[in-house]
Amino acid sequence: MSLREWYGEQEILLTGVTSELGHNLLEKLLRCFPHVKIHAVLRSREGLTQTDRVHKKIWNSAGFERLRQERPNAMSRVVCYEGNLVYNNLGVREEDHESMANVSLVFHTGGSSEKLLAYCRKLPKLRAVVVIGDLFSLVSDQMNEKSLEGDPDYPGDLPLVVVRLPPIGPAHRDPMPGYVEKLRGATALMVGAGHMYGRADLPVQIAPMDIVINTFIGAAWELDKMGKHIATEPVFYNASTIDCSWGEMIRKGGRASRKFQYPSFHIRGISSSRILHWFIVIFFEWLPSFICDTILYIFRQEPRILAEHRRVRKLLSDFEPMTTRAVNVNRRKMFDLIKLYSPEEKEAFPVRAEFDVEAYLLCAAAATRRYCVNEANLKFIQFFMPAFFAIMVLAVSYFYYNWERIMDLFPIQCPTNE
């Protein structure tokens, strides 16, 4: 049975639907499988009911524009329930449990999984449960597709798939090329939002969003197709990543960052020297940010450039374990899954990140500029940059040509031998 036929009219329980991963997974399921029914468990928040959060915020977002055009009635197949993943039975009302009796697939994209897995045992028609794992939370530098030291204890009495994820980057193709909802460490590095500390020769550990989602979809199907739903232990997948080195990614992203600029000071690069890295950060990121905020303060505007600098530095600092650590990741399961696909399914649900990296970075930079950039910050920095670098050139020139005179101002007393 093909992947599309297998999904057919199945009913799917989706958690974490408001997360970036859950948001995009919902869009792909509704667009590619026109007869599936989605049960979404989430909380009311900010004065909006759980239904309003999905229908008003998610359905009206830019990521659902393609779905709105292709399947304008798609949200009629989504049922929302008030619940919380930290409570027994997901905090869902008793009558709502009856509505979810026909759920056969569970996709868990955020939050604690303990209560969810306990609830899955009560689903009589369950065929597969797919949860996420953090690839870089494990202590081993050899990532095989089996349980490793550092993995949580997963139950052995459920048809369970664990998809281990590296940091997630912008989408390659779906729902649109380069689409990203908010700035994360992977995206900040790709668009040149700041200088990076790490090794340029190490392979990139970033999984495009749509590759991750396709892995979720294919892994559930493969588990059932191969009869692995009767297994007594979980099946592990290590999600596929972009095929290039960090240095190559930064170099190829140069053209993209020039065409679609992020509000930074154009200091792209990666260095394995802490001293050089922090010299660049202090003098070519922090200092111009501080000067910009000082100018804004003088003209009675709200200082905001330094806050953006701190935000980017926090994102990139959290990302350092991926750029400084060599990890050998086994992805044999990806090859096994591809062998089961028809040519049409390989095109519609690719699970390997094999594409033109430079074109991908160009699309990612364009999407980041559109959805994640404060245009006021960008215009101010563009106006400020020529003056700042002119001042830096003059300062360096002055120190170079007047070094002896400057040193005379600070005489060094050499000890004498009596």
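**Reading the terms in a predicted model**

Analyst: In this predicted model, seven strands form an open sheet in the order β3-β2-β1-β4-β5-β7-β11, with parallel pairing. From one strand to the next, the twist averages 20°.

User: What makes β3 and β11 the edge strands?

Analyst: Each of them, β3 (78-82) and β11 (235-238), pairs on one side only. That is what the name edge strand refers to here.

User: How many bridges join β4 to β5?

Analyst: Four bridges join strand β4 (residues 103-108) to β5, and these strands also run parallel. Phe 107 stands opposite Val 130 in β5. In general, strands of a sheet pair through backbone hydrogen bonds, either parallel or antiparallel.

User: Why is β5 described as largely enclosed by the rest of the structure?

Analyst: A residue counts as buried when its relative accessible area is under 20%. Five of the seven residues of β5 (residues 128-134) are buried, and therefore the strand is largely enclosed. For the chain, buried residues make up 52% of the 418 residues.

User: Is Glu 27 buried or exposed, and how do you know?

Analyst: Glu 27 has a relative accessible area of 1%. The cut-off for buried is under 20%, so Glu 27 is buried. The residue lies in helix α2. Apart from its neighbours within four places in sequence, Glu 27 is in contact with Gly 63, Phe 64, Arg 66, Leu 67 and Pro 175.

User: Which values describe the packing of α2 and α8?

Analyst: Two packed helices are described by the angle between their axes and the distance between the axes. For α2 (residues 20-32) and α8 (residues 209-225), the angle is about 65° and the axes are 10 Å apart. The crossing of α2 past α8 is right-handed. On the α2 side, the contact is made by Glu 20, Leu 21, Asn 24, Leu 25, Lys 28 and Leu 29. On the α8 side, it is made by Met 209, Val 212, Ile 213, Asn 214, Phe 216 and Ile 217. These residues divide into eight nonpolar, two polar and two charged.

User: Why is α8 called roughly perpendicular to α13?

Analyst: The angle between α8 and α13 (residues 332-340) is about 75°, and their axes are 10 Å apart. Angles of 65 to 115 degrees count as roughly perpendicular, so α8 and α13 receive that description. In this contact, Thr 215, Gly 218, Ala 219, Trp 221, Glu 222 and Lys 225 of α8 meet Lys 333, Met 334, Leu 337 and Leu 340 of α13. The residues divide into five nonpolar, two polar and three charged.

User: What are the secondary structure totals and the spans of the chain?

Analyst: The chain has 17 helices and 13 strands. Along its principal axes, the C-alpha trace spans about 90 × 50 × 45 Å. Of the contacts with a separation of 6 or more, 78% are between residues 24 or more positions apart.

Terms used. Residues numbered from 1 in each chain as written. Predicted model: local features only at pLDDT ≥ 70, side-chain atom pairs only at ≥ 80, totals over all residues. Heavy atoms only, no water. Axes fitted to C-alpha atoms, helices over the stretch in contact; angles between N-to-C directions. Helix = DSSP H or I, 4+ residues; strand = E, 2+ residues; numbered from the N terminus. Left-handed = near helix turned anticlockwise from the far one by under 90°. Contact = heavy atoms within 4.5 Å. Nonpolar A, V, L, I, M, F, W, Y, C, P; charged D, E, K, R; others polar. Pairing = 2+ DSSP bridges. Parallel < 35°, antiparallel > 145°, perpendicular 65-115°, else oblique. Buried < 20%, exposed > 50% of the residue type's maximum accessible area, 1.4 Å probe, protein only.
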